[in-house]
Amino acid sequence: MNQPYFLANNLVLDFINSEYGTSDEYHDYLSDDESTVAWLKSAGCLPTDYSEVPLGISEKAKKLRTVSREMIDSAISAVEYDPVFLNNLLDRGKPAEYIEWDNTSNNFKRIKQRKNNNIESLLEPIGNSLATLLCSEEIRSIRQCEAHDCTLVFLDKTKSHRRRWCSMSLCGNRKKVAAFRSRKQQSD
Ligand SMILES: [Zn+2]
């Protein structure tokens with residue numbers, strides 16, 4: 001199996017990209033509880049030595065992925081959507097926040113960390129990223145890759161706002177070669 005893609009410049013969009021492709025090319029990195037925890041680790045949401053696999057996290061993560069797509073659509077198209085699922089997740093998964101003395105800088109340091117190992121706590125960073133994106137101007141910079149057979153989405157952070165491809169190596173070069181071939185065929 002391929003590696004998951006982290007090319008969206010945004011955590012919740014990378015999370016949406018955990019499912020991509022059609023028919024033979026289809027991948028879902030949230031297909032079971034273990035692969036869901038593995039995805040969260042590779043996204044940096046959990047430490048690499050984290051080993052617990054909560055039962056049912058795949059199902060909840062897939063629901064969050066569906067809700068993420070729907071809420072982003074709702075924000076872009078200005079159609080009201082009930083945020084109850086996201087609010088519950090953020091409430092139940094709320095991280096612990098406190099300050100402690102840091103001996104390196106000799107100053108107080110603010111700490112924010114996962115409160116426990118419940119599913120909501122594990123998925124909270126994704127929910128937080130979604131909430132931030134929904135309420136930000138960046139929602140207008142979400143793009144889908146222009147390749148017709150590519151479902152990947154990303155945040156266009158280029159100054160010109162003209163990023164067209166999920167990545168040059170995946171689709172950009174492929175499409176350039178295809179365009180060159182079809183131009184060549186027309187001139188032959
Ligand atoms: Zn693409």
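Cys150 and Cys171 are both buried. In this predicted model, the two cysteines belong to the site of a zinc ion, whose protein donors are the SG atoms of Cys145, Cys150, Cys166 and Cys171. The donor atoms lie 2.3 to 2.4 Å from the zinc ion. The angles among the 4 donor atoms range from 103 to 114 degrees, and the site is tetrahedral. For comparison, the ideal angle for four tetrahedral donors is 109.5 degrees. Along the sequence, the donor residues follow the spacing C-x4-C-x15-C-x4-C. Within this set, Cys150 and Cys171 link distant parts of the chain, being 21 residues apart. Cys150 sits in the loop between strand 5 (142-144) and strand 6 (153-155), whereas Cys171 is part of helix 6 (residues 168-187).

The protein chain as a whole contains 6 helices and 6 strands. Read from the N terminus, these elements follow the order α-β-β-α-α-α-β-β-α-β-β-α. Along the principal axes, the C-alpha atoms of the protein chain fill a box of roughly 70 × 40 × 35 Å. Of the 188 residues in the protein chain, 39% are buried. When contacts between residues at least 6 apart in sequence are considered, 53% of them join residues at least 24 apart.

The largest nonpolar core comprises 44 residues. The members that touch the most other members are Leu13, Leu40, Ile72, Ile126, Leu133 and Cys145. Two or more residues are given to this core by each of helix 1 (11-16), helix 2 (33-42), helix 3, helix 4, helix 5 and strand 6. Helix 5 supplies the largest share, with 7 residues. The surroundings of Ile126 were examined individually. With residues up to four places away in sequence left out of the count, Ile126 touches Leu11, Val12, Phe15, Trp39, Leu40, Cys45 and Leu64.

Helix 4 (residues 84-92) has Phe85, Leu86 and Leu89 as buried residues. These three residues lie on the same side of helix 4, because they cover an arc of only 95 degrees around the axis. In general, an α-helix has 3.6 residues a turn, so residues three or four places apart point the same way. The C-alpha atom of Glu59 is separated by 7.9 Å from that of Asp33, although the two residues are 26 residues apart along the chain.

Strand 3 (residues 96-102) and strand 4 (residues 107-113) form an antiparallel pair with 7 bridges. Within this pairing, Tyr98 has Ile111 of strand 4 as its bridge partner, and Asp102 is bridged to Asn107 in strand 4. The hairpin formed by strand 3 and strand 4 has 4 residues between the strands. In this hairpin, Asn106 adopts a positive phi near 50 degrees.

Further positive phi values were found elsewhere in the chain. Most residues other than glycine have a negative phi. Asn9, which is not a glycine, has a positive phi near 65 degrees. This residue is located in the segment before helix 1. Asn9 is partly exposed, since its relative accessible area is 42%. His161, likewise not a glycine, shows a positive phi of about 55 degrees. The position of His161 is in the loop between strand 6 and helix 6. With a relative accessibility of 46%, His161 counts as partly exposed.

How values were computed:
Residues are numbered from 1 along each chain as its sequence is written. This is a predicted model: local features need pLDDT of at least 70, side-chain atom pairs count only at pLDDT 80 or more; totals for chains, interfaces and linings use all residues. Side-chain values use heavy atoms; hydrogens and water are left out. Donors are N, O and S atoms within 2.8 Å of the metal (3.2 Å for Na, K and Ca); water is not among the atoms, so sites may look incomplete. Four donors count as tetrahedral if all angles lie between 85 and 135 degrees; four count as square planar and six as octahedral if opposite donors are over 155 degrees apart and all others between 65 and 115; anything else is irregular. Buried means under 20% relative accessible area, exposed over 50%, partly exposed in between (1.4 Å probe, protein chains only). Two strands pair if DSSP finds at least two bridges between them. The arc is that of the directions from the helix axis to the C-beta atoms. A nonpolar core is a set of buried Ala, Val, Leu, Ile, Met, Phe, Trp, Tyr and Cys residues joined through side-chain atoms within 4.5 Å. Contact means heavy atoms within 4.5 Å.
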